[in-house]
Structures are given as C-alpha cells and as structure tokens.
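Me: I'm new to this structure and would like to learn how to read it. Could you walk me through a few features, one at a time?

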Amino acid sequence: MARLRKELTSQAPLTPALTSWAEALGDAIGRGMLRALNTGMPGMGSVASASPGNGAVMAGRRRGRPPKTVAGGPVPMDRRCTVNGCTREQRSKGLCSAHYQAERRRQIATGKPA
C-alpha cells in the first residue's frame, strides 16, 4: 500500500527564486540518478558492463589503515627485532609486530599476564 503524502500547510508562499532553485535541484538529482543507473554505481553491480571504456568508476579503494611507506634502505641494527634471523623493525619490547603478537598469544594461553 502506498504511503499517503502530507500536504504542505505552509503559511508563506514560495518566492520565485526559491521555486526555480528547487526545480533546478530536482533536475540535477534526477540527472545524477539517471547517470548512475545507466553507467553503474561504483562498488555495486551495474547494468552496463564495467569495462574501463564506458566511463564506469570502479571502487578500488582499500579498507583499513594504509600500508606503511618504505622510507628506503634496510632497518638499522639497533632498530631490528631481537629474534634471530628476523630483519623487521622493532615495534614493542624489542620485537617486531609479528613476534610481539606471537609472544602475547603464548603468554595468554599459558595464563601469564601479557
């Protein structure tokens, strides 16, 4: 069942400038929706094929924190992980993030405070 529309009970009539602005806004929104339906919306299934030539924008954005930028060169010896053979940078308690998390999981499993 269709929802009944409320009638506008405004006391002040709309000015001609406001009326033309509202009509222009409605036209712009309509054109945008038509364009989205014809070319496909980013990240959603589209009616048109999603080839690069038809103007459809594909959502290629990553989620989450961006990867750390590499400043260049190897990590200095005084900033390396203390685990033998690991060349990653220290994050906490002298360990890289991978070895720190492994140690933390091991301590939680044995019941020791982390």
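Reply: Gladly! Let's begin with an idea we'll need soon: a polar contact is a pair of N or O atoms within 3.5 Å, and within protein one must be able to donate a hydrogen and the other to accept it. Keep in mind that this is a predicted model.

Me: Which backbone oxygen does the side chain of Q90 reach?

Reply: That of R80, at 3.0 Å.

Me: Where does Q90 lie relative to α1 and α2?

Reply: Look at the loop that links α1 (16-39) to α2 (97-110); Q90 is in that loop. The protein chain has two helices and zero strands in total.

Me: Is Q90 buried or exposed?

Reply: Buried means under 20% relative accessible area. Q90 has 18%, so Q90 counts as buried. Across the 114 residues of the protein chain, 8% are buried.

Me: Which residues is Q90 in contact with, leaving aside neighbours within four places in sequence?

Reply: Q90 touches D78, R79, R80, C81 and T82, and also L95 and C96. For the whole chain, take contacts between residues at least 6 apart in sequence: 0% of them join residues at least 24 apart.

Me: What is the average pLDDT of the protein chain?

Reply: The average is 77, and 69% of the residues score at least 70. Over residues 46-50, though, the pLDDT is below 50, and this stretch has nine contacts in the model beyond near neighbours in sequence.

Note on methods. Residues are numbered from 1 along each chain as its sequence is written. This is a predicted model: local features need pLDDT of at least 70, side-chain atom pairs count only at pLDDT 80 or more; totals for chains, interfaces and linings use all residues. Side-chain values use heavy atoms; hydrogens and water are left out. Helices (H or I, at least four residues) and strands (E, at least two) are DSSP runs, numbered from the N terminus. Buried means under 20% relative accessible area, exposed over 50%, partly exposed in between (1.4 Å probe, protein chains only). Contact means heavy atoms within 4.5 Å. pLDDT is the predictor's confidence in each residue, from 0 to 100.
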